[in-house]
Amino acid sequence: MAEIVLGVASSHTPQLSSGVEFWEDHGRRDRGYSLLGQDAEYHAYDEILKGADPRIENELDPAVWAAKYQRCQESLQELSRRLSEAQVDVAVVIGDDQQEMFQRDGTPTFACFLGTELTDMPPDAERLERMPAGLRAASWAAHSDRPERHKVCSELSHLVMESLVVADFDPLSFTEQPAGRTLGHAFTFPRYRLGLTPETLITPIFINTYFPPNVPSARRCYQLGRVVRNAVASWTSDARVAVIASGGLSHFVVDEELDHRFLSALERSDSEALGALERKQLRSGNSELLNWVAAAGALEGRNFTLVDYVAGYRTPAGTGTGMAFAYWE
């Protein structure tokens, strides 16, 4: 029978891959956003700045940034090493699509791809040139420099899809990649930054975390993970399977209290606390915690280890990304 041999979760923010010299550029973009504050309400940048802890200024020193960036690279290397040593045949990648594969013509709450490959379609030269410098510098972690095929484990994808339907989920299934659409960064990051080989098949599970109104609850995502675990256990294959959660944690305003409370629940394997996360907190970038919640459901009963948590502040208002790296075994 197939076996889940490893679970991995990682942030995938551009801050990880642009080089620390572009963190200031990432921060400049924050000033134009409507920002989800720690009170779980949206505010303009200046409003967030007024209520920010003045000690955040100490986190913006170039030497502090460099040390944090180094910790993140070491954490990514640790996760990559564990994936390599696990010698997995298939990676179930749980991530959110940000209008890359699904756009305004239809965004499913959950989706499974049942074909045999998906393609990373890189932005053309004109679009790349229009990107802010920081995003352009980090684009290698999201897209190859040419169309790149990612082989899909259709057999496991079908089994996950069927298991979800039997469990009274209503996921979208699709077998063809829509023209002009690309496999999103949540699903390419594991190869480009975590070292999955091109030969490692993926089973992507798409969760709509970002775009209301059909965003699932944390409890529903945990239940989905349990179904994925049971689907893998029922698969008559000797495949070694990894489960990878891509994205998170809090952003675009760093919420250390939320992040640490969330990570503590993972360490305790506290399914009730994970399922009770409030919808209003899980909006904007914070919503990617749902990918981790689903992975926790799939990896229930395994030991969770936090490799590192880095509060990636990039402005005096406390905007940035709570970057976390973890594994289950």
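This is a predicted model: local features need pLDDT of at least 70, side-chain atom pairs count only at pLDDT 80 or more; totals for chains, interfaces and linings use all residues.
**Notebook: loops, helices, cavities**

I started with Gln-87, which is exposed, with a relative accessible area of 59%. Gln-87 sits in the loop between helix H3 (62-86) and strand S4 (90-95). I looked up its backbone too: phi is positive at about 50 degrees, although Gln-87 is not a glycine.

Buried or exposed? Ala-40 has 4% relative accessibility, and the cut-off for buried is under 20%, so Ala-40 counts as buried. I found Ala-40 in the loop between strand S2 (35-36) and strand S3 (42-43).

How does H9 pack with H11? Helix H9 (residues 256-268) and helix H11 (residues 289-298) make an angle of about 10 degrees, and their axes are 11 Å apart. Angles under 35 degrees count as roughly parallel, so that is what I call H9 and H11. On the H9 side I noted Leu-258, Phe-262, Leu-263 and Leu-266; they meet Leu-289, Trp-292, Val-293 and Ala-296 of H11. By class, the contact has 8 nonpolar residues, no polar and no charged.

Cavities next. My search of the whole structure gave 4 of 30 Å³ or more. Which residues line the largest cavity? Leu-266 and Ala-296 are among them, along with Tyr-222, Glu-300, Arg-302 and Trp-328. I had already logged Leu-266 and Ala-296 in the H9 and H11 contact. The lining of the largest cavity splits into 6 nonpolar, 2 polar and 2 charged residues.

The second largest cavity comes to about 50 Å³. I listed its lining as His-150, Lys-151, Arg-191, Leu-196, Thr-197, Thr-200 and Ile-202, which divide into 2 nonpolar, 3 polar and 2 charged.

Arg-191 sent me to H7, where Arg-191 is buried. How many residues of H7 (residues 185-192) are buried? I get 8 of the 8, so H7 is largely enclosed by the rest of the structure. Including Arg-191, the set has His-185, Phe-187, Phe-189 and Tyr-192 in it.

How values were computed
Residues are numbered from 1 along each chain as its sequence is written. Side-chain values use heavy atoms; hydrogens and water are left out. Axes are lines fitted to C-alpha atoms, for helices over the stretch in contact, and angles run from 0 to 180 degrees between N-to-C directions. Helices (H or I, at least four residues) and strands (E, at least two) are DSSP runs, numbered from the N terminus. Angles under 35 degrees count as roughly parallel, over 145 as roughly antiparallel, 65 to 115 as roughly perpendicular and the rest as oblique. Contact means heavy atoms within 4.5 Å. Ala, Val, Leu, Ile, Met, Phe, Trp, Tyr, Cys and Pro count as nonpolar, Asp, Glu, Lys and Arg as charged, and the others, Gly among them, as polar. Buried means under 20% relative accessible area, exposed over 50%, partly exposed in between (1.4 Å probe, protein chains only). On a 1 Å grid over the protein atoms alone, a cavity is a set of points where a 1.4 Å probe fits but cannot get out, and a pocket is an open set with protein on both sides within 12 Å along at least five of seven lines; lining residues have an atom within 4 Å of a point. Grid points are joined across faces, edges and corners, and a volume is the space filled by probe spheres set on the points.
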